[in-house]
Amino acid sequence: MSVSLADYRAAVRAPGATVPVLTSAVGRFPVAMFSFATLLYVQRESGSFAVAGAVSAGSLVGVALGSVLQGRLMDRRGPSGVLLTVATLFALGAGGLVAAIETRAALPVVVAVALFTGLTMPAMPGASRALWERLVPTGPRREAAYSYEAISLEVFFILGPGVAALLASTPWSGTGTATAVVATVVGTVGFALSGPVRGSRPLPSTGASLWGAIASPGMRTIALAGLGFGLVVGAVEVGVPAVAADRGEPWLGGALLSAWSVTSVLVGVLYGMRPWPRALHLRMPVLVAGFGVLVLAMWLAGAAGSLLLLVIAMLAAGGLITPQTTGHSLVIEIVAPRGAATEAFGWVVTAITVGAAVGQSLAGLVVEAAGASAAFLAGGAAGVVVGAVLWARRRTIEGTPSAA
């Protein structure tokens, strides 16, 4: 299945889509901005990157857990009430976090509040993705809608940290955090009160278990794909700044990471028009393994001392980011139990978050032991291994998308 530019236009102009699309954009924009702004805020108030990293990690753990828990609640009770409740709790938690930072509370207290804030951060990516199942029919338009979700989120990941850094340089270093909180709450409330979202009703479930959606073998496979994707991205996000620092040009790290995100957006649109492999159960292992191979090429270029070749390989690898995240949404249509699509997407978000955290940690250790470019060896090898496992499990994600 391939999509055209007309499919993108038809998706975002679908009846009832205008308000949810706009408010979702406002609510999802701070996804990357909040954690980075808070990291800068804590670092400038405490003077310690170690303290800031611990607080940021607490927030990310909360987000990883909250994505699944909120998704399960939305599938069972509908999104509107859940989103309004967590938006309120998030605002209270964020207020408590600011108070804890400003009063120099003990680190365990700040981390605990950050964990709660992350846990209650509205799971807007999952809620926004799930709404398309009700707004557009199965086929090219829905695939275009999922591609739009992936591309817009990638844009937010490009712009969010930059806006956070700019706002953190204002007289009050918490300005970025406060701005992210306001945007999240305003966007979430607007989305939750829009007609299509208020009209969403839970679909009959095919049965529940303690593990929920992840009990499905196909869901475990797509979660593994998300984990592999996160491992590779996390390693690159450590390796690139390390290479730039080694060359005495630390600014280059941020520039290159922004560049590969731009490549992701551009290629994502084109890839949707001519996807390869066409079969989803083949596409996912090929994309993850290909991602790993291109990051291994970055390692070879770095080992050879060629910055130009490293940049070329990195831009090529960036082109496979959006096709993977779009593929995650498409596979969920096939493997998610009926009535559990939002929770299913939450599991993928959690897998990516955990993978990125592990990838960053592993890459940091490797960089210390073997040099900056070795981070690409670790990340690339992880991608290839996960791709091979996905190939062995490809039959678990083979099928026809359901109407769920």
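Tutor: A word on terms first: helices (H or I, at least four residues) and strands (E, at least two) are DSSP runs, numbered from the N terminus. This is a predicted model; local features need pLDDT of at least 70, side-chain atom pairs count only at pLDDT 80 or more, and totals for chains, interfaces and linings use all residues. Residues are numbered from 1 along each chain as its sequence is written, and side-chain values use heavy atoms, with hydrogens and water left out.

Student: OK. Where is S194?

Tutor: S194 sits in the loop between α9 and α10.

Student: Is S194 buried or exposed?

Tutor: Buried, because its relative accessibility is 4%. Buried means under 20% relative accessible area, exposed over 50%, partly exposed in between (1.4 Å probe, protein chains only).

Student: What does S194 touch?

Tutor: V19 and P20, leaving out residues up to four places away in sequence. Contact means heavy atoms within 4.5 Å.

Student: And S24, which helix holds that?

Tutor: S24 lies in α2, residues 18-28. S24 is buried, at 1% relative accessible area. With residues up to four places away in sequence not counted, S24 touches M124, S128 and F191.

Student: Which other residues of α2 are buried?

Tutor: The buried residues of α2 are P20, V21, T23, S24, G27 and R28. Their cover includes α1 (5-12), α3 (30-46), α7 (124-135), α8 (140-168), α9 (175-193) and α10 (195-198).

Student: Switching topic. How do α11 and α12 cross?

Tutor: The axes of α11 (residues 217-246) and α12 (residues 251-273) come within 7 Å and cross at roughly 140°. Axes are lines fitted to C-alpha atoms, for helices over the stretch in contact, and angles run from 0 to 180 degrees between N-to-C directions.

Student: Which residues make that contact?

Tutor: From α11, V233, V236, E237, V240, P241 and A244; from α12, L252, G253, L256, L257 and W260.

Student: Zoom out. How many helices and strands in the chain?

Tutor: 17 helices and zero strands.

Student: How does the radius of gyration look for a compact globule?

Tutor: It agrees: with 404 residues, a compact globule would have a radius near 22 Å, and the chain has 20 Å. The radius is taken over C-alpha atoms, and the globule rule is 2.2 Å times the number of residues to the power 0.38. The C-alpha trace spans about 55 × 50 × 40 Å along its principal axes.

Student: What share of the residues is buried?

Tutor: 53% of the 404 residues.
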